[in-house]
Amino acid sequence: MTVFVPRDYQRLMLMHLARPGVRRRNLWGGMGVGKTVTVLTYLDWCYNELGAEPGPTLVIGPLRVVQSVWPEEQAKWAHLSRLKLVTITGTAEERLAALKRPAQVYCINYDNLLWLFDALGTSSRFPGEPWRPELPERNLIWMFASVDPAINQLQERNLPIPWA
């Protein structure tokens, strides 16, 4: 496993993700700039350092990215060993079994998004606004995270952000 030492631009990405009071955040960057490890680092910090339990994070992306990039990045970095990540791919039975496994981060591809809406129904497994089955742009990786309570804890408890 590799030790993660964020580059300056990754520190900026982490600071952007950790901004208090912002419900939606986007990271735009070219391939290989470290978006995945940056987002996973942020989520690991929220779930495992701050103890946030607002619900799981759903990552939506292309099949190859969901099946290989996210799990490989999570396995590559030593500091991410505590983060529980599950991919929701394969047959309908395999996807349903994956959905039942406890995790902090679930990864699914665009083509299985409508299946996920049907599988969850009105379940509150992923808290927040009701989902609308609108397919995102095919060239974007969308991440829907519900970790805002963790960020608000920073302000309330005057906790430092470790990469600041």
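User: Why is Gln104 called buried?

Analyst: In this predicted model, Gln104 has a relative accessible area of 8%, and since buried means under 20%, the residue falls in that class. Gln104 is found in the loop between helix H4 (92-100) and strand S3 (105-109), and, leaving aside neighbours within four places in sequence, it is in contact with residues including Tyr47, Pro56, Arg82 and Leu83.

User: What makes the pair of side chains Gln104 and Asn48 a polar contact?

Analyst: The two side chains come to 3.4 Å, and the cut-off for a pair of N or O atoms is within 3.5 Å.

User: How many aromatic pairs are there, and why is the pair of Phe4 and Trp77 called edge-to-face?

Analyst: The count comes to two aromatic pairs. The rings of Phe4 and Trp77 have their centres 5.4 Å apart and their planes at 80°; centres within 6.5 Å make a pair and planes over 60 degrees apart make it edge-to-face, so this name applies. Phe4 lies in the segment before helix H1 (8-17) and Trp77 in the loop between helix H3 (63-76) and strand S2 (85-88), so the pair ties together parts that are 73 residues apart in sequence. Both residues, Phe4 and Trp77, are buried.

User: Why is the pair of Tyr42 and Trp45 called tilted?

Analyst: Their ring planes stand at 40°, with centres 6.3 Å apart, and because stacked needs under 30 degrees and edge-to-face over 60, the pair is tilted. Tyr42 and Trp45 both lie in helix H2 (residues 35-49), three residues apart, about one turn of the helix.

Note on methods: Residues numbered from 1 in each chain as written. Predicted model: local features only at pLDDT ≥ 70, side-chain atom pairs only at ≥ 80, totals over all residues. Heavy atoms only, no water. Helix = DSSP H or I, 4+ residues; strand = E, 2+ residues; numbered from the N terminus. Buried < 20%, exposed > 50% of the residue type's maximum accessible area, 1.4 Å probe, protein only. Polar contact = N/O pair within 3.5 Å; in protein donor to acceptor, adjacent residues only side chain to side chain. Contact = heavy atoms within 4.5 Å. Phe/Tyr/Trp six-rings, centres within 6.5 Å; stacked < 30°, edge-to-face > 60°.
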